[in-house]
Amino acid sequence: MTVQPGAGEFEVVLEQVSKLFGPTVAVDDISLAIRRGEFFSLLGPSGCGKSTTLRMISGFERPTAGQIKIGGQVVNDVPPHRRGTNMVFQQLALFPHLDVQDNIAFGLRIKRVARSEIRKRVAGMLELVGLAGYEKRWIAQLSGGQQQRVAIARALVNEPAVLLLDEPLGALDLKLRQQMQRELKAIQHRVGTTFIYVTHDQGEALAMSDRMAVMNLGRIEQVGSGPDLYLRPLTTFVASFIGETNLLAGRAEGQDGEFVTIAVGEHRLLIRSRQPVSVGQEVTVSARPERLKLSSAEGGGTANGAWRSRLAEVSFLGNTIRYEVEIAGGQRLHVDRLAGSEATLQTGQEVLLHWDPDAAVLVGGRIEDAALAEELE
Amino acid sequence: MSVGVGARPGRRLESKRRPLVRAALPFLLLVPSGLVMLLFVAALLLLLSYTFRPYTSIVIEPVWTLDTWKHFLTSSFYWSIVIETVELASIVTLATVLLAYPTAWVLVQIRNRALSVVCYIVLFSPLLVSVVVRSYGWLLLLGDHGFVNALLVRLPWIHSPVRLVFNFTGVTIALVHILLPFAVFPLLSVLRQLPPNVREAAADLGAPPWQVFLRVSLPLSLPGVVTGAQIVFTLAVSAWVTTVLLGGGRVLVLAKLVYDNISNLNWPLGAVECFVLMVTALIALAIFGRLNRAIYAGKET
């Protein structure tokens, strides 16, 4: 067995993997390297190919093209029951004819683990997921959160190289979901297993993952940590899917070192850009609502580079105040301020919109490619 | 305010009348079936009274006696018939369920619509053909010079036709054929409703296909097996036409005895046999019911 240099670092590697269902392309030439012991999320709207990707890693789907490696071995032809992966299913798929301990012991019994060893490991798992004392319960007698824990224990007890989770918290209500997110993260920390977590909920992915891949239309848009993706999105889709953003279409007017001047309609703004931009190039600007600043324009004097705009709407959202600012050309931008941090501006008044060079980033792709609001749900 | 007060008595009247109608409606709907049940119970009671009459050829004498019961219960001949009846029904039930399971399994897997329609028609065709026609059909197929024996005698180790009719074998084959759909139906619904992903979950936990079947699919479909077996047993234990036509008088079961005795106008003995048959079926039903409860125990809320 030859081990490539550095290959040991990665538990799961996908190389140019595609999956077609008939003429439909579910996964389109994706490559990924997931580190050992990492909490990795596949994040994207429904139909983006994230579940299909997970099912290819687990062995339930065969890639149409490309290679999947687990622990350095190509597993394309290995059936699910011979893979070192275990899965927590979206519908949980617990065995209704078995009680809690028999559900958890299922995998160990198949592997003919000694009886005393099974008892010990099942007890340890029940302890880990906080279900000690529930050994003899039937699945139908458990609450949704408890069933969730059994599903996790049933998979983890086999000590898989990789634990695959397919939106396992989708059916739970918000409070329980947040609690389970914390517990999952804690469990992952304790057992140190590689977790691959599929979700359409960006908040969930941000809260739990070390790194994540944002998927759209069968492709990977960007891979990175939460802060990476939030602060330095590469595409309009990522910028709009993770958190909230203002997207503006503009044209590069000039570059001075790392600073680029962008024209948005009649306004100008200065952005710090890491990649070179050619003059005259069409660009898209992404600006997070909390990175923009507003001030009253009534004092007169125009601050350097600030945009004179009209405050169209003010909404009180509890911890923040949301301002909708109408810039020249009619586009509305969102600006968020912590509630109570400054004097509240009034609807209809003239305001100045301030940009500092780090308030916005240039992103690839057109504004039309942004994640639609209904896709976020 | 005044409108509200005025409206109140009317509403109260309405609310008083409604529950009466609502309470009576279900019972009204039960009247037709209730009448039929009443007739049935009356007939049963009449039949029960016959079992305590003496047999004096044509007339039912107005005398009470336990002789017929004693005659039946102390005779080894009648007991052997009870045993043969239960044996036939059990073998037919076992064979039917064993055939029905793979049949239902394959039917559920078929994705091609046209093919599945054809399979369903073949499977359920016995129910569309008269029992007499069907039985004579089997006589033709299984007779000494029938199609099956024509094939069998070509085999090197079979020299003369195998006896397949007018015996236990023939009756069993024909009954299994007729009763197969009754076992397939409940299995189909159970197999279709297997919880999603449980088979995948078992495979994911390391179970090869045969273990997935033994540890997950089979136990989860047991309720369908028991229900199917229950229906098949009940029908097989009281089957008459098939038993008589394909048994050729050599296969003696309770249903045939009942018919023979009643045609001989021995109503008391026929009635006793009826009740023995009914009790046998009820005992079987109770056993199957117990099995089903054991399977379901605690697993559903």
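**A walk through chain A**

The secondary structure of chain A comes to 9 helices and 20 strands; helices (H or I, at least four residues) and strands (E, at least two) are DSSP runs, numbered from the N terminus. Keep in mind that this is a predicted model, in which local features need pLDDT of at least 70 and side-chain atom pairs count only at pLDDT 80 or more, while totals for chains, interfaces and linings use all residues. Residues are numbered from 1 along each chain as its sequence is written, and chains are lettered from A and ligands numbered from 1 in the order in which they are written.

Let's start with the overall picture. The C-alpha atoms of chain A fill a box of roughly 80 × 45 × 35 Å along the principal axes. Of its 377 residues, 40% count as buried. A residue is buried if 20 or more other C-beta atoms lie within 10 Å of its own, exposed if 12 or fewer, and partly exposed in between, with C-beta atoms placed from the backbone.

Now find helix H5 of chain A, residues 174-191. Its 18 residues reach 26 Å from first C-alpha to last, close to the 26 Å expected at 1.5 Å a residue (the expected span is 1.5 Å times one less than the number of residues). Which residues of H5(A) are buried? They are Met180(A), Gln181(A), Leu184(A), Ile187(A) and Gln188(A). Looking down the axis of H5(A), you'd see the buried residues fall within an arc of 135°, so they line one face of the helix; the arc is that of the directions from the helix axis to the C-beta atoms. On the other side, Lys175(A), Arg182(A), Ala186(A), His189(A) and Arg190(A) are exposed. The buried residues of H5(A) pack against strands S3 (39-43) and S8 (194-199) and helices H3 (115-128), H4 (144-156) and H6 (202-208) of chain A. Here, contact means C-beta atoms, placed from the backbone, within 7 Å. After H5(A) comes Gly192(A), with a positive phi near 75°.

Next, a strand. In S20 of chain A (residues 360-363), Ala360(A) and Leu362(A) point one way, Val361(A) and Val363(A) the other, and all are buried. In a regular strand the side chains alternate between the two faces of the sheet. S20(A) runs antiparallel to strand S14 (residues 282-287) of chain A, joined by 4 bridges; strands pair if DSSP finds at least two bridges between them. Val361(A) is the bridge partner of Ser286(A).

Finally, chain A meets chain B, with 20 residues from each chain in the contact. On the side of chain A that touches chain B, H2(A) gives the most, with 3 residues.

Conventions:
Contact = placed C-beta atoms within 7 Å.
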